[in-house]
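Please read the following note with the sequence and the model open beside it. The points move from the overall fold to single residues.

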Amino acid sequence: MIDKTVRRRICAAYLGFLLLFQASTAFAQLEAPKVLPELWQEIRDYGSARVVVQLNLASRPEAKLPMRQKVAQREAIAHMQDRIIAELAGTHHRVITMSRSSAALVLNVEREALAILDASPLVRSVTRDPKQAPLR
């Protein structure tokens, strides 16, 4: 088991690295929209959509990480997922899947929630869930 002080320091260092990574990728994201027009159209047509939200977070496959980095990465992912869910408070959304080992989550969202995700610096991209059957 990792000492709490060591865990906090590792997590703080990892979060610091992630913030630097986010800043370096911010310019690249200015050109590409987070939400494609087709997804906005689906929301207009059907009222909601099931989406995959990719966190704006650098992550690596857990199999390649030592235990301390794995724990720190999971804590960083959990922290960002919790912040995104907090941003969506008061909107119509439902969490479908949220795994602490993946820098993504699957949600069912309506227009207002999608707009918040689109504007959030915590979100890298929002795409239609490929596992969901087309509504058309």
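1. Basis of the note. This is a predicted model, in which local features need pLDDT of at least 70 and side-chain atom pairs count only at pLDDT 80 or more, whereas totals for chains, interfaces and linings use all residues. Residues are numbered from 1 along each chain as its sequence is written, and side-chain values use heavy atoms, with hydrogens and water left out.

2. Overall composition. The protein contains four helices and four strands. Helices (H or I, at least four residues) and strands (E, at least two) are DSSP runs, numbered from the N terminus. Read from the N terminus on, the order of elements is α-α-β-α-β-β-α-β.

3. Of the 136 residues, 35% count as buried; the term means under 20% relative accessible area, while exposed means over 50% and partly exposed lies in between (1.4 Å probe, protein chains only). A contact means heavy atoms within 4.5 Å. Among the contacts with a separation of 6 or more, 69% join residues 24 or more positions apart.

4. The sheet. In what order do the four strands stand in the sheet? The order is S2-S3-S1-S4, the sheet is open, and the pairing is antiparallel. Two strands pair if DSSP finds at least two bridges between them. S2 and strand S4 (123-128) are at the edges with a single partner strand each, so one side of each has no neighbour in the sheet. From one strand to the next, the twist averages 30°.

5. The S2-S3 hairpin. Strand S2 (residues 93-98) and strand S3 (residues 104-109) are paired in the antiparallel sense over five bridges. Together S2 and S3 form a hairpin, with five residues between them. Methionine 98 is found opposite leucine 105 of S3.

6. Strand S1 and its two partners. Strand S1 (residues 49-55) pairs with S3 over six bridges in the antiparallel sense, and S1 pairs with S4 over five bridges, also antiparallel. Valine 51 has leucine 107 as its bridge partner in S3. Valine 53 has a bridge partner on either strand: leucine 105 in S3 and valine 126 in S4. Why is S1 described as largely enclosed by the rest of the structure? The reason is that five of the seven residues of S1 are buried.

7. Helices H2 and H4. Two packed helices are described by the angle between their axes and the distance between the axes. Helix H2 (residues 37-46) packs with helix H4 (residues 111-119) at an angle of about 160°, and their axes are 10 Å apart. Axes are lines fitted to C-alpha atoms, for helices over the stretch in contact, and angles run from 0 to 180 degrees between N-to-C directions. H2 and H4 are therefore roughly antiparallel, a term for angles over 145 degrees. The residues in contact are Leu39, Trp40, Ile43 and Arg44 of H2, with Arg111, Leu114, Ala115 and Asp118 of H4. By class, this contact has five nonpolar, no polar and three charged residues. Ala, Val, Leu, Ile, Met, Phe, Trp, Tyr, Cys and Pro count as nonpolar, Asp, Glu, Lys and Arg as charged, and the others, Gly among them, as polar.

8. Valine 109. Valine 109 and valine 95 are 14 residues apart in sequence, and their C-alpha atoms are 8.8 Å apart in space.

9. Arginine 94. Arginine 94 belongs to strand S2. Not counting residues up to four places away in sequence, arginine 94 touches Val106, Leu107 and Asn108. Arginine 50 is 44 residues away from arginine 94 in sequence, with a C-alpha to C-alpha distance of 9.1 Å.

10. Aspartate 82. Aspartate 82 is located in helix H3 (residues 67-87). With 39% relative accessibility, aspartate 82 counts as partly exposed. Aspartate 82 and methionine 98 are 16 residues apart along the chain, and their C-alpha atoms are separated by 9.8 Å.

Definitions and conventions. Parallel < 35°, antiparallel > 145°, perpendicular 65-115°, else oblique.
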